[in-house]
Amino acid sequence: MLPDRTDLLISGTYLISMDPDVGDLPRADVLVRDGRIAEVAPHDPGRAAGDAQVIDAGRTVTLPGFVDTHWHLWNSLLRGTVGDRPGRDYFTVKRALAPHLTVDDFYWAARFGLAEAIGGGITTVHNFDHNVRGPRDADANIRAHLDSGLRGRFSYGPPDSAGPDATNDLDDLAALRARWPSSLLDGRLDFGVALRGPYRTPPAVYEREWAAARSLGLPITMHCDRCLREEGCRACGLTRLADLGLLGEDVQIIHAVHASEDDIGALARTRTRVSVSPMTELRTMGFPLISELIEAGVRLSLSLDTLAMPTSADILGHLRAIVSIEAARTGSPAVTPRRLLKLATLDGAEDLGIGDVTGSITNGKRADIVILRLSDVNLLPSGDPAEGLVYTGQIDNIDTVIADGRVLKRHGRPVLAEGGPDPVAMAEARRDALLERAAAAGDWPSTPESGSTPERSLP
């Protein structure tokens, strides 16, 4: 069970609202009622809280919860199996282990990833699921997301092993909303579709999939990673997608690391959205084109991609890497700490079409909030808190995470339902059982380095 929504008064914080009409308030009060931001005002020590729980937020900084716009939650259990040794690259490991996941594995893999998201102050996650083997797999992911307390989107993709001539399960895609009506989604989850597109599927497939998605009014997301398959790639082929009518405001392109000037122009012209995953792109693709995309006016957002690479939900660490790399790579004045905080909050919400719901601390929006301690040694002496968070901030500074008015992390520790299972312990045990099954089938080495620990029983 989820914690109840709690009326809250966040008292005396430094507020980075990400709302241009509110700006920063060096000492602010934020009132939360019924999961909604009811009032944002300068701090008043005598403010009556009524029945709201008071969070004494002196010497803290408060900002909207981070928004991740592309995360393969299903393979979170693969963390620790991917590395730099031969045969341990991400794609080899994924292909070997994907067939051995059970429905319960999908549930706990998603819960594990979302638990890490909470720890890192991420309150919205776009679950790009490119291993949906049937309705039960989709349902397990949706249940996990709702049980986590976070906001997000579930994008329905093909099985990991799908051949190029196979379409997504378009019948189940159409049935998804009937099976999961809005009354079951708590106002926190919507649906999209993950497609492979013209460089991975023939016209008979991608034309049918695009038409089905658009007839259902579902937003489309697609990897643009030809650089992984074509040596010397210097263009993403996005001009071709524009000519085919496949770009637009309902489309999100992932990566686009080798986008040409013409590709970037096509993205800007069609108002297509782009999600960059800097840490995984740097490992396997090249430099993300953050400066070029921002300067061209492309609608840009930020994502982790996968925990299997491996990465972590350390958004501040990712922003720190971006600002340093872009300073060395381009020296663009467009990439500043404050601009990157917007990339990780409001820009992400707008990418997912929920900028009117979350992404800033604004009266009337839902209460997706992260509070960090400014009194920690790595943030002292203090200057501009926005710069401090990006240049020296850490996950350890996160004191409180609130998602849709529910407190999911407090005093630096997760708030778990009393008597409920710990997603981290469950995921660890399920990962070990997964490796044992794969080893028994001959798809994984049955050695200690596989990560198998037989002494741990599966819950």
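Me: Before we look at this predicted model, what does contact mean here?
Reply: Happy to start there: contact means heavy atoms within 4.5 Å. By that rule, the buried residues of α14 pack against α1 (90–97) and α2 (103–119).

Me: Which residues of α14 are called buried?
Reply: Buried means under 20% relative accessible area. In α14 the residues that qualify include Met-426, Ala-427, Arg-430, Arg-431, Leu-434, Leu-435 and Ala-438.

Me: What makes the length of α14 agree with a helix of 18 residues?
Reply: At 1.5 Å a residue, α14 (residues 423–440) should span 26 Å, and its end C-alpha atoms are 26 Å apart, so the two agree. At the start of α14, a side-chain oxygen of Asp-422 comes to within 3.0 Å of the backbone nitrogen of Val-424. After the helix comes Gly-442, with a positive phi near 85°.

Me: Why are α10 and α13 called roughly perpendicular?
Reply: The axes of α10 (residues 315–329) and α13 (residues 385–392) cross at roughly 90° and come within 7 Å. Angles of 65 to 115 degrees count as roughly perpendicular, so that is the name for this pair. Where they meet, α10 brings Leu-316, Leu-319, Arg-320 and Val-323, while α13 brings Leu-389, Val-390, Tyr-391 and Thr-392. Sorted by class, that contact has six nonpolar residues, one polar and one charged.

Me: How do you know whether Gly-192 is buried or exposed?
Reply: Its relative accessible area is 0%, and the cut-off for buried is under 20%, so Gly-192 is buried. Gly-192 sits in strand β9 (residues 189–195). Beyond its neighbours within four places in sequence, Gly-192 touches residues including Phe-154, Tyr-156, Leu-173 and Leu-218.

How values were computed: Residues numbered from 1 in each chain as written. Predicted model: local features only at pLDDT ≥ 70, side-chain atom pairs only at ≥ 80, totals over all residues. Heavy atoms only, no water. Axes fitted to C-alpha atoms, helices over the stretch in contact; angles between N-to-C directions. Helix = DSSP H or I, 4+ residues; strand = E, 2+ residues; numbered from the N terminus. Parallel < 35°, antiparallel > 145°, perpendicular 65-115°, else oblique. Nonpolar A, V, L, I, M, F, W, Y, C, P; charged D, E, K, R; others polar. Buried < 20%, exposed > 50% of the residue type's maximum accessible area, 1.4 Å probe, protein only. Expected span 1.5 Å × (residues − 1). Polar contact = N/O pair within 3.5 Å; in protein donor to acceptor, adjacent residues only side chain to side chain.
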